[in-house]
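These notes go through the fold one piece at a time. Please keep the structure open while reading.

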Amino acid sequence: MDLLSSLNREISELDFSQTLQKTVSFLRKRVARYNWVGVYMLEGSELVLKAWDGPEATRHTRIPIGKGICGLAAREKKTVIVGDVNADPRYLACFPYTRSEIVVPILKGAKVLGEIDIDSDTLNAFTEKDREFLEQVAALLGERYV
Ligand code: SME
């Protein structure tokens, strides 16, 4: 079974908050280069961390929509891939070992509900395949949002 179908099956009986936790844990467990996985939801003008899985907690639990790669993806309603976080001044540092990042908005129509944020310890860890897969995961979360 492909990853998206397995995830879909694992979340089928869960409520939205359990779905977020299951999704971040599933992604981190199933894809080795996804070292830290979080979901932020938009509350007013802030992105608020609702679920995460990784070696340690981030201090960025609330991110103003004007800040960071997270803010950028929410403002532009588009996936942002940063191949080398140390070369990107927009990046808000969380962990010293992070080298690349992808942030994928969770949309409901034209509205941003939140986003999936993944950090990797590998440089240029995220490709178009990751974008495609994670946009499907984000669509699944958008459908399940209540
Ligand atoms: N790096 C993000 C902040 C969140 S942490 O990666 C968990 C950013 O630049 O917005």
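1. A definition comes before the strands: two strands pair if DSSP finds at least two bridges between them. The model discussed here is predicted.

2. In what order do the strands of the open sheet lie? The order of the 6 strands is E3-E2-E1-E6-E5-E4, and the pairing is antiparallel. Strand E3 (62-64) and strand E4 (80-82) are the edge strands, each pairing on one side only. On average, neighbouring strands of this sheet are turned by 20 degrees against each other, direction ignored. As background, strands of a sheet pair through backbone hydrogen bonds, either parallel or antiparallel.

3. E1 also pairs with E2, in the antiparallel sense and over 7 bridges. One of the residues to look at is Met41, whose bridge partner in E2 is Val48. The hairpin of E1 and E2 has 2 residues between the strands, and Gly44 there takes a positive phi near 65 degrees. E2 pairs with E3 as well, over 3 bridges and again in the antiparallel sense; Leu47 has Ile63 in E3 as its bridge partner.

4. Helix H2 (residues 16-30) lies across E1, strand E2 (46-53) and E6, and runs at about 60 degrees to E2. Helix H3 (residues 68-76) packs on the sheet and touches E1, E2, E3, E4, strand E5 (100-108) and E6. The direction of H3 makes about 35 degrees with that of E5.

5. How many residues of H3 are buried? The number is 7 of its 9 residues, so "buried" here meaning under 20% relative accessible area, the helix is mostly covered. The buried residues are Gly68, Ile69, Cys70, Gly71, Leu72, Ala73 and Ala74. Their cover includes E1, E2, E3, E4, E5 and E6. Just after H3, Lys77 takes a positive phi of about 55 degrees.

6. The largest nonpolar core has 27 residues, of which Leu27, Tyr34, Val39, Ile106, Ile116, Ile118 and Leu134 touch the most other members. Helix H1 (3-11), H2, E1, E5, E6 and helix H4 (128-144) each supply at least two residues of this core. H4 gives the largest share, 6 residues. Leaving out residues up to four places away in sequence, Val39 touches Leu20, Val24, Val48, Leu49, Lys50, Ala51, Ile106, Glu115, Ile116 and Leu141. A second, separate core of 17 residues includes Trp36, Ile69, Val82 and Val103. In soluble globular proteins, nonpolar side chains tend to be buried together.

7. Which residues come nearest to the ligand? Of the 13 residues around the ligand, they are Ile69, Cys70, Leu92, Cys94 and Glu101. An oxygen atom of the ligand is 3.0 Å from a polar backbone atom of Ile69, and an oxygen atom of the ligand is 2.8 Å from a polar backbone atom of Leu92. For Asp117, the distance from a ligand oxygen atom to an N or O atom in the side chain is 3.3 Å.

8. Finally, the loop between E4 and E5 contains Gly83. Gly83 touches Arg99, Ser100, Leu123 and Asn124, not counting residues up to four places away in sequence. Gly83 and Ile118 are 35 residues apart along the chain, and their C-alpha atoms are separated by 12 Å.

Notes. Residues are numbered from 1 along each chain as its sequence is written. This is a predicted model: local features need pLDDT of at least 70, side-chain atom pairs count only at pLDDT 80 or more; totals for chains, interfaces and linings use all residues. Side-chain values use heavy atoms; hydrogens and water are left out. Helices (H or I, at least four residues) and strands (E, at least two) are DSSP runs, numbered from the N terminus. Axes are lines fitted to C-alpha atoms, for helices over the stretch in contact, and angles run from 0 to 180 degrees between N-to-C directions. Contact means heavy atoms within 4.5 Å. A nonpolar core is a set of buried Ala, Val, Leu, Ile, Met, Phe, Trp, Tyr and Cys residues joined through side-chain atoms within 4.5 Å. Buried means under 20% relative accessible area, exposed over 50%, partly exposed in between (1.4 Å probe, protein chains only). A residue is near a molecule or strand if one of its heavy atoms lies within 4 Å of it. A polar contact is a pair of N or O atoms within 3.5 Å; within protein, one must be able to donate a hydrogen and the other to accept it, and residues adjacent in sequence count only if both atoms are side-chain atoms.
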